[in-house]
Amino acid sequence: MNDIKLTINGKTCSGKAGQTILEIARANGIDIPTLCHDDSVAHYGACGICVVEAEGSPKLLRSCSTLAADGMVINTEGERAVQARKIALELLMSDHDGDCKGPCRLACPAGTNCQAYVKQVALGNTKEAVRIVKERLPLPASIGYVCPHPCEKECRRGLVEEPISIAMIKRFMSVDQLHSADRWKPERAPATGKTVGVIGGGPAGLTAAYYLALKGHDVTLTDAMPQMGGMLRYGIPQYRLPKDVVDAEIAEIAEAGVKMENNVKIGKDISFADYRAKFDAVIVAIGAWSSTPLHCPGEEQQGVYGGIDFLRSVALHDPLPIGRNVAIVGGGNTAMDACRTAVRLGAENVYVIYRRTQSEMPANAEEIEEATEEGVQFKFLTNPAEIIGENGHVTAVKLQVMELGEPDASGRRSPVPVEGKFVTLAVDSVIAAIGQKVDPKGFDLALNKRGIIAADEATFLTDQEGVFAVGDATNKGAGIAIAAIGEASKAADVADSWLKGHIVPYHEPFVSKRTVTAADLADKEKKARVKVTNRPAEERKHDFEPVNDGFSAAEAMEEAKRCLECGCHDYGECSLIKHANRYEIHPERFAGEKRHKDLEQKLAVIERDQGKCILCGLCVRTCDEVAGQGLLGLVGRGFGTVIKPEFRDSERIKVCATCKKCAEACPTGALKIIG
Amino acid sequence: MTARIVVGEGSCGLAAGAAAVYDALKEKLAGVDAKLGITGCVGACYLEPIVDVYDGAGALHRCVRVKPEDAGTIAGAVKSGDYASLADIAIQPEDEGFLSKQTRIALRHCGVIDPESIDEYLADDGYQALEKVLKTMTPEQVIEEIKISGLAGRGGAGFPTWFKWNAARQSKGEEKYLICNADEGDPGAFMDRAVIESDPHNLIEGMMIGAYAIGCSEAVVYVRAEYPLAIVRLTEAIKQARERGYLGKNILGTDFSCDIRIKAGAGAFVCGEETALIESLEGNRGMPRLKPPFPAEAGYWHKPSNINNVETWANVSWIINHGGAAFAAMGTENSKGTKVFAVTGKVKRGGLVEIPMGMTLRDVIFGIAGGIRDGRKFKAVQLGGPSGGCIPESLLDTVIDYKSLQATGAIMGSGGMVVMDDSTCMVGIAKFFLDFTTKESCGKCVHCRIGTKRLGEILNRIVSGEGKEGDVELLEELCNTVKAGALCGLGQSAPNPVLTTIRYFRDEYDAHIRDKKCPAKACPALLTYAIDKDKCKGCSACAKKCPVGAISGEVKKPYSIDPAKCIRCGACHNTCRFGAVTVE
Amino acid sequence: MQTCNHPSVDLTLLEDTLAEYAGVKGSLISILQKTQEIYGYIPIDAVYRISERTGASPAKILGVATFYSQFRFQAVGKYLILLCKGTACYVNGADRILDAVSDELGIGNNETTEDGLFSLSVVACLGCCSLAPVMMINDKTYGSLTPDKARQILRDLRKEAEAQ
């Protein structure tokens, strides 16, 4: 064979006559994407992804099958080629009916791979489960206890009967591993010589510190409180999250190489500028630790507290005095924590004052239910109008009676006062749990309109070079712990890239999503959610022990087996999604009819999902040309074409059971080996 | 001399009732000294059934739109010799112009000779060209003659015929194949069907000349299954030619041997693409192959193969008989000879029109086909079927040749020429073609399989009144990418109807998208039906016809339409005798 | 693919065709065409018999058969209506003919009337463009249709069938 030389993307490449452009490009380290080409079968030319531009040719060439000629000048990433490639990918995706990731994983603000760890629990492998969850979340046990689990709301099992108890499974597997001698331990990358200071030892700070340490940076975590944990320790009551669990997880983070210093407050013990000067990069994760005031007359009196201030005093074993009758204002989880803590401290009458009705309460339904069981009295459609006191101390709260008006922008019906209608409640203390504020004093960072630290959405950078900010202290303000953790893990990746000299902003990857209704799942066998029994209210309201014991191993496994496994098994390997993200596609502009999504067939040990098939024909061609079987065929024509097996011979199916070459050849998740 | 009565029995004639006319004539002519026969299609389809009456002196009296009950008149005229008695059914002078203004080469025997009789073909110089070639010319000389003629592929691409023949001749290999593409799939084109039905020996002769020039010993005609009559007549002609030694071993006593087989297609437009056609011939799904290699190197059974369409073959014997120069004398600089067009749609006179290259579109549509019927206004002419485009009135003086037509965004194609008047919606016609290509896409390549589907969906939302600002740009972007990325000619040309209608009729797209109006009043979703109170006589005919009971009123008082119930079927509008139903 | 649950067919009817094409390469489409001539459609059992005799896998045979619009997998009615929707027919109102035929028979495209008399199939182009709009019923072409004319043709055929 003669040697030929051609230029690809400005690089001189040599090859042999008879080789294709694709072969020579690959041999010279130039990657041309393709979906339907495989060296083991004949050229096919279906996908149109491998097209390239050749100087002097008005047409785009399919590099998989076009023979290279001496002197050719090829551009694999020219505008026309990229446009054709991109639109081919957009068209394929517009017809793709599959979930790259399960709805649970997409709903998790930290992107934890719920489906994967639930699967490992179902298989009895809690060690692997913890390894998976710790890819995105270093505090799985703590979060397992406290998370309001947005994942479960999206869980598709909910369309069958009830969602999977993802949080409870996470709590089980993480606690199970917490004290195991054989527990999974992360590997730390070689030292980079870079130093990072992380301010704030709450969920966000712990997370950022953990991942940056694992990437080989020298990380110091600094916190103003006596112990690490932030709101997990000082904002969430013991009965909801035992502090020994928090201690153990923090110990693991320290073990991963994070240096920790407590009782250091920025602006008091050290100036921010001096702190900044000590490190190559700084992550600010100071949280939102001030309570929002009620803004009603009389709130300056003794016996009026902020919700988180109250909870912190309890955590520090020095509870603020609340008396026998306590009113908690607010409808969120902090209000529930405060009222249930008040019950446990022995208050006789604990009221929750909320200006809307129960159905509008942002708190978790379980929390409301359990609080009710514990004797908390809800005063719906009321709002504090004045706090009445004697001698500077609260004696009662005057409540404005409300009614629901028109829905507001969020869709919730907004409460409006019923003119002239008031009731008075005799109380010894009022706890305002209506929100938290950031206290950015001493940081000298640019703030947004609401007085919260402003950070770039994609880079997490503040207005100071090398200073990143995450969690409750930034942008939108206080949210749930898992959201702060999600930001922190993304920011750790960005900060790592910045430290290495080339910042890579966070980019939400494109994923394919399936629209599923209850009707689509009508054939699924119903299996009730495994329930955890709470200790009786009468018993638990007198102590700070956990409300329940969580799942046993058997219960966790049974519950985990209910998972429908919505996310694609092939997400990590799929060529289609890989190319789709390389070319930043927008298939929604070509949204239209999708082909036969309901066609699922089994072939021996191979499960076929037509919704994910891109008709590249590799399975058919592999079955013909490589396996020599000819069991698969294209059926129909045009847009409606499908790939179907057709045989009656039972001997043939035995061949399938061992061959599996079609599934191995499939570039997407359309074929799945199940045996 | 005995009078001859010849009934035009092409598919069009038969569809118009020629068989019944023939039977009636046979009955009425019993005992009359006259010979009754058939011929193929003369191309004046709008006049079918046509009966040609040759009197004793051989003069032609052409009768048109003949009904079985006219058989007695014809028999009477033949018996009495009073041909003036045929006046009521005789062809009118303006209709004679439809034929006399044409120049017929490919169609020269069509509607003249009996397609089922080799003797009639032989009597009209049949198989002389083959004899000349086999006995006096080398293959190279034949190719040279074709080169001089300038003949180009009449199937659509317009590739020089001699070049393909020469490439196949030069290809290494003993076994070579000759293929006739008779898979005439372009909706609106039917000249190939007419040639096979009306002059099958001309096709056979052309193919044998090509087979000799290239060196093939086997030839195949791939005919679409929708043409049963063509298959019957070609089968018979092949049998006759074989019996007379024009086909088979040692043709005309020479060393040259070649035979023809017929393969019936099974219904797939994409098989008009030559590599898909080859796949289909081999018994596979008709999915195009990657090119190169081209069929001339590796085609049927991966052997060198040459493919030309029917009309191309139909010119070959004429060129050999009259010389390539005579053919090249007709036409323009880049397009030689004649081309057959199937003129249909809203013209007064529709049928097959063969003209020299270089005439204008206006000459054909208005000069020969008589312009638009029913007093309406010309809007566009669609050339080249699903691969072609729509040409507006402003370009009617475009000269018919490959280059000029391509410059308009349309193509010569196989010669379908569908004429549209102001009642045709141009967005609707684009959608019509995209629906067609979506259905006919083989499904192999992504750009065509999903691209045409999405183009159709976008067009559908526009004609349904759900078009969005930016849809036209989205169409253009997708069209250009499908053209560049599709694997074969079907996909690469499928966007042409969309691109040309956007180019020339952008205002119609905008009217649908912005004003939610269809200027042609053809898109049902965008129409509002109402009853003009002043014109309505209260006859209740519309209310009776309305399939959904949307029309109510009292007899002899004006009726009204409930727009909420109206499904815009147009039944009321078609029923009203007073023009009281308005459409906006 | 509606290839299941057909009554079993007499496969001996296929033998002559299979013998005729034995060893002739590339004849799959011709064999399928003969099969359809014999049975009126392509029975799945015939596919397996063709496979046994030609060596082509059933998957390949079905792949070929489903690619071409000529092949059917269910028996059709006594009258098979091919309604043309070519360009010329479209421009001349083929949609209205389709509506009339559908309405008259109560069936849509690729459906058969309950009495088994009529099947309707919309096709690309019958090549009789000058007579548009056109339909073909069992090899007979009807041109220059109007909705009423189309209805009348169907009524006549129904009468003809009832008379037999």
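How much area is buried between chain B and chain C, and what percentage of it do carbon and sulfur atoms give? Good morning, colleagues. The model before us is predicted, so local features need pLDDT of at least 70 and side-chain atom pairs count only at pLDDT 80 or more, while totals for chains, interfaces and linings use all residues. Residues are numbered from 1 along each chain as its sequence is written, chains are lettered from A and ligands numbered from 1 in the order in which they are written, and side-chain values use heavy atoms, with hydrogens and water left out.

To return to the opening question, about 3200 Å² is buried between chain B and chain C, and carbon and sulfur atoms give 59% of that area. Buried area here is the accessible area, taken with a 1.4 Å probe, that two parts lose on being put together, summed over both. Within chain B, the residues that lose the most area to chain C are B:Ala266, B:Arg285 and B:Phe432, together 18% of what that side buries. The contact, meaning heavy atoms within 4.5 Å, takes 53 residues from chain B and 36 residues from chain C.

I turn now to chain A. Between chain B and chain A, about 2600 Å² is buried, with 56% from carbon and sulfur atoms. B:Leu290, B:Arg449 and B:Arg454 supply 22% of the area that chain B buries against chain A, more than any other three residues. This contact takes 29 residues from chain B and 32 residues from chain A.

Which charged pairs join these two chains? The rule finds three salt bridges across the interface of chain B and chain A. In one of them, A:Arg637 pairs with B:Glu440, and their closest N and O atoms are 3.2 Å apart. Polar contacts across the interface of chain B and chain A link 19 residue pairs, both at pLDDT 80 or more.

Key
A salt bridge is a side-chain nitrogen of Lys or Arg within 4 Å of a carboxyl oxygen of Asp or Glu. A polar contact is a pair of N or O atoms within 3.5 Å; within protein, one must be able to donate a hydrogen and the other to accept it, and residues adjacent in sequence count only if both atoms are side-chain atoms.
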